[in-house]
Amino acid sequence: MQDIIRRFKSSKFGTRDAVRTTFDLFPDKVAIQLNDTHPALAIPELMRILLDVEHLSWEKAWEVTTRTCAYTNHTVLPEALERWPVPLFESLLPRHLSIIYEINRRHLEHVAKKFPGDHDRLRRMSLIEEGGSKRINMAHLCIVGAHAVNGVARIHSDILKETVFKDFYEIEPEKFQNKTNGITPRRWLVLCNSGLADVIAEKIGEDYISDLDQLKKLLSFVNDEGFIRAVAKVKQENKLKFAVHLESEYKVKINPNSMFDVQVKRIHEYKRQLLNCLHIITFYNRIKKEPNKQFTPRTIMIGGKAAPGYHMAKLIIRLITAIGEIVNNDPVVGDRLKVIYLENYRVSLAEKVIPASDLSEQISTAGTEASGTGNMKFMLNGALTIGTMDGANVEMAEEAGQENFFIFGMLVHEVDAMDKRGYNARSYYDRLPELKLAMDQINDGFFSPKEPHLFKGIVDMLMHHDRFKVFADYEDYIKCQERVSALYKNPREWTKTVIKNIATSGKFSSDRTIAEYARQIWGVEPSKHKIPPPNEPRI
């Protein structure tokens, strides 16, 4: 923050003397975007410098701060919203704490004027949470200290306004915006999938790389037999290449003609890797029950890291590997089903797996995934999506057409209704024989014969305190997976659907996202002018 101010004060003619003595133009020259609540202390720190070092009045310092700062929210999960203990501030940052108290005093004064006598609203909207130990609600600090607040997908931004930050929206509706996330097509197509990028360029030229909406031109070629073959060929080449990588890493023989069914993301209960596991077990049990039946073969890959202290997430990883040990060594199953846990998931591995994927799993409980960006990477690289109406999936399905998407599961309002009446996992367990069998196998040690009670914690959670309602979406998920398998049996129709998805993924370029931030939050017009590196003289 001190560096930002030093640069602002420096003359543009290259001297380091403090030329600017007024901060009137500061918000026109500087934009500070708070990427989640992690940098929330930028607000009191900017206030501290303006008040104590630059000797501005409170009113002027606050105007400069709020016009400069904007806040992007990235989650609605209550346990992820930062709340820091006041004693920590008292010992570490006493001046910042006193500034936060004054921000809060003025903020609550403003609220009380608009809603006289509404003491509960004052309590809800305070930056300081009482009760037990006093804590500072960093999201509230960000909202009050910013001139714009945004979510990262339309449904997420709506949820912020309707629930999480409803009180703040009622007072300052003009503050709240949406900025749907995007991905860079340079890394996530040209660099990682040059084969597909070339096939596209042969049809529509290369300009789409910096103007991704031009992919819509591919809709003219949905029925072009040569193009259908070319797209399918690139996918098959990517799969063969990745199969070689997998076989060297995991010593499992991969069927490259199987559907590559992939879920890669951080391991978290809300992302429901456990729902994926239940499908794997169900599919396995169906093969065992009717070994002579024709099944669409799958290689199911799940990858992602668990937070260091998140015990349940680590147990979920252990379950995935345990299922793999049984399934991959069952001669009855053969090459019809393989299960692989992708270790050390990271960007460099994503660049290999995403271009080789056929099916993208985006299966969070509706209302929990803020946006997701992996979903967009898969769409751009020619995978079809099985997903809930959550995060950016909603807008992706809207762009591609719902008929070109595999949508299943409860909608946000249905999840809310279930919360009100109560979710009863046991009722699904009793009613659905395949679900009961899968759960009994996990519980009885079928997948962990040496440690029969290894997964008791998972079974107990799913049966008695599952916040993310895995069983409620199980039946619809299994049926949706059957539709996926049916379409995959028709390679031409599958590839046509893939082309429609690629052609409608243009909205999800980060170029569009950043242009929206620039115009609607930072107040600057985007430019394609390339700034030279520091070692080159500026003209």
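**Legends to the close-up views**

**View 1. Buried residues of helix 24.** In helix 24, the residues Trp494, Thr495, Lys496, Thr497, Val498, Ile499, Asn501, Ile502 and Ala503 are buried (under 20% relative accessible area with a 1.4 Å probe, protein chains only). Helix 24 covers residues 491-503 and reaches 18 Å from its first C-alpha to its last, close to the 18 Å expected at 1.5 Å a residue. Helices are DSSP runs of H or I with at least four residues, and strands are runs of E with at least two, numbered from the N terminus. The model is predicted: local features need pLDDT of at least 70, side-chain atom pairs count only at pLDDT 80 or more, and totals for chains, interfaces and linings use all residues. Residues are numbered from 1 along each chain as its sequence is written, and side-chain values use heavy atoms, leaving out hydrogens and water.

**View 2. The lining of the largest pocket.** Lining this pocket are 35 residues, of which Lys265, Arg266, Tyr270, Lys271 and Glu369 lie nearest its centre. A pocket is an open set of points on a 1 Å grid where a 1.4 Å probe fits, with protein on both sides within 12 Å along at least five of seven lines; lining residues have an atom within 4 Å of a point. Helix 16 (347-353) and helix 17 (374-380) each supply at least two lining residues, and helix 17 gives the most, with four.

**View 3. The protein as the setting of these views.** The protein contains 25 helices and 13 strands. Its C-alpha trace spans about 80 × 60 × 35 Å along the principal axes. Of the 539 residues, 53% are buried.

How values were computed
Expected span 1.5 Å × (residues − 1). Buried < 20%, exposed > 50% of the residue type's maximum accessible area, 1.4 Å probe, protein only.
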